[in-house]
Amino acid sequence: MSDLRTLLGVGEDHPLYRYRIPVGLLVLVVGLRPVVAHEWFAGYGQLATSMLIWMVFVASFNLLFGYTGLLSFGHAMFLGIGMYVVAIGVSVFALPWLVAAVAGVLVAGTVGYAIGRIIAGKGEIYFAMLTLAFAQAAYFVVNADPYGLTGGSSGLTQGTLPTWIETYRGQKRVVLAGMQGEWYWLVALVFLVTMLALWQVVRSPFGRTLMAVRDNRQLAKSIGIDTDRYQTAAFTLSTMFAAVAGALMEINSQGASLETFAINTSGDTVLMAVLGGVNYFFGPITGVFVWLFAEDYLTSFETLHLPLAEFSTVSVDLSGLLNYWAFALGALFVLVVLVSPKDGIWGFVRGLTERVAARLREVTR
Amino acid sequence: MPRTVSQGLAEVRARVAGLSPGWLAAGLALVVVLAVALVTKPGLFVDNAIGGLVYGMILVMVALGLSLILGLMGVVNFAHGALFMLGAYFAWQVVAAMGLPFWAALAVAPVAVGLVGVLVEVTVLRNIYDEEPTIGLLATFGLTMMLEEVVRGVWGAAPKSFELPAVLATNTSLGVTQVGTFRLFMVGVSALSILLVYLLITRTDFGLTVRAGVQDSEMTAFLGVDLPLRFTAMFFLGAVIAGVGGVLRGAEVGMGPGMAEKFVILAFVVVVVGGAGSLFGSVAAGILIGEAQYLSTVVLTAWADVTGVQAINVGGLEGLVPYLVMLVVLLVRPRGLFGEEGFLE
């Protein structure tokens, strides 16, 4: 972004540049819902809430993949643990939601730490496939409905919402201590807090050490970094952030579903992060936006009117073809991996703005 | 990478001789646990032992290709499960849609799967051998997604199955129980395929150059071996074995789009348990996991009957058993039963 920065006359020390990530997150939170709710896009605001929750989750995954270089193929397990612990805590043990959420984060962290201890330092492929195997094992456990807690394949829906959530015509409102607010803004608040925490982690000495481990494990080891320990710590931390997203998703989707533990959910996470660009803080955010938007848009989109809906001369029925949109997405994914696996869409956009800015500077000089 | 059977057996013998008393006791306990189950429920035990062997053989067929490609090219081919799945669907196409005999499917479908494998190797994998291993995993994951969508588009998402040939659709008596002839046939075909792969790698010049390539690819290429050609050939071979496994599995229990991911994960578990880089390990671990999965239920019911404590008989454990075996092996012997040190670490 150096060209863009010089073009705008913003120096390296300018607060807008130094705090570009918090500013960007704030702009995102304020701007996301009006954009998504516009009739040209999804047409309804609830999608924005899901997007924010997914963004927290995929960003937690990226702390692991993008910043530590560990590919986890079972990350949805921790989203699921967050969801299920909260759902069980609220519905079975009648705990306050906040207590259940903290418990969920702690359980996820404990499980993450145990798994991390076993598989850290095993090599990248081992790590990826072993996380997948553990996730698969977790799926079987949840599906078997131990002690009647998890509800097996039907999941948990009864009594899983806290009392301070009111649902009216599919819209959720937060009613707390006599005050009313929209569910979106509570999610946005948690989103900001967790994303800023992640940002702090990434730019702290700890985060820089993780990047050193990612870039060259041998070198990191030889300068005295206990790489296995740092990998375990990163894994534990990212599982806890994932559980935060899970606790929010429990309210958003009114309960916990077994589908969260399925391989597809973990796979989607990897796809979203890589499509968005794992090298950048905003990469996963972009990935989630594009993915959820494409899913919502393409599956509801049936007929292509050319040139415009009101003045259609040619109408193409695409409903049959768009059922298989995952094929196109898979092809795009393979292409991204082959061409530039770390940059993704956000990297492409960044490169583009940089080139445009460089060109503009030449013209205006 | 590959070792001969005699070497493997010698290693087993040496290990048993060097075992600590604790391990010997654990081994004895296992024998007692199994013996009680065999004596109290002989029919069920043999049934499940054969079921486990059949399932284990299928796992070996998938794991073998995965292990070969991993050893040779350093890539975990996630799409290997999708190739296995294609084997089953191609067989359905030949038998149920075209009305040809099962034997035609057994001959044609694996070769077709092999050709798909070659296509995958030439278009995608060949470009990323020099990249980090995770890139290969990501790319083949995307390919799996595409292949699954193709299967969904062409054959639909509903489970499918086809008729067995009359010769194999009978039962064979084994004294204590009746076993489907087809299951015995499956074991025979799988054992034969595994043996052929094994001989190809250990007894031919082709296998020799491949093994040399695994040990030191630079030097092997230096000596005039066309390694890319061998990579493609091995990929074809791996895909063909997976295809044979797919045909057999499809004929036995039918097929669905979910089998790709399920089996590639299980096959990787087999490779991890057997030890990456060891073909003998993959075969042993595949059978071990198949048997563990099928016998665990018999053992639990038998012991629940013997002791009278019904709480022992935990249901729904079958799916979890492979992962439990893996967990135990990883904790006790992190590089797998027959794994080589430093491989993929």
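**From one leucine to the contact between chains**

Modeller: B:Leu279 belongs to helix H12 of chain B, which covers residues 279–307. Keep in mind throughout that the model is predicted. The relative accessibility of B:Leu279 is 5%, so the residue counts as buried, the cut-off being under 20%. B:Leu279 also illustrates how sequence separation and spatial separation can be read side by side: B:Tyr198 is 81 residues away from B:Leu279 in sequence, while their C-alpha atoms are 8.2 Å apart in space.

Next, the contact between the chains. It draws 39 residues from chain A and 38 residues from chain B. The size of an interface is often given as the accessible area lost when the parts come together. Here chain A and chain B bury about 3700 Å² between them, and carbon and sulfur atoms account for 82% of that area. On the chain B side, the residues that lose the most area to chain A are B:Leu138, B:Met145 and B:Met146, which together make up 16% of what that side buries. Three helices of chain B give two or more residues each to the side touching chain A: H6 (133–155), H11 (259–274) and H13 (321–332). Of these, H6(B) gives the most, with 15 residues. Sorted by class, the chain B side has 28 nonpolar residues, five polar ones and five charged ones. As for specific pairings, the count of salt bridges between chain B and chain A is zero. The count of residue pairs in polar contact between the two chains, with both residues at pLDDT 80 or more, is also zero.

Among the contacts in chain A that join residues at least 6 apart in sequence, 72% are between residues at least 24 apart. The chain exposes about 16900 Å², and carbon and sulfur atoms supply 63% of this area.

Two loop residues of chain A deserve a look for their backbone angles. A:Ala94 is not a glycine, yet its phi is positive, at about 55 degrees. This alanine sits in the loop that runs between helix H5 (76–91) and helix H6 (97–119) of chain A. With a relative accessibility of 63%, A:Ala94 is over the 50% cut-off and therefore counts as exposed.

A:Gln254, likewise a residue other than glycine, has a positive phi near 55 degrees. A:Gln254 is found in the loop between H11 and helix H12 (263–276) of chain A.

Terms used
Residues numbered from 1 in each chain as written. Chains lettered and ligands numbered in written order. Predicted model: local features only at pLDDT ≥ 70, side-chain atom pairs only at ≥ 80, totals over all residues. Heavy atoms only, no water. Contact = heavy atoms within 4.5 Å. Buried area = accessible area lost by both parts, 1.4 Å probe. Salt bridge = Lys/Arg side-chain N within 4 Å of Asp/Glu carboxyl O. Polar contact = N/O pair within 3.5 Å; in protein donor to acceptor, adjacent residues only side chain to side chain. Helix = DSSP H or I, 4+ residues; strand = E, 2+ residues; numbered from the N terminus. Nonpolar A, V, L, I, M, F, W, Y, C, P; charged D, E, K, R; others polar. Areas by Shrake-Rupley, 256 points an atom, 1.4 Å probe, with all protein chains shown as cover. Buried < 20%, exposed > 50% of the residue type's maximum accessible area, 1.4 Å probe, protein only.
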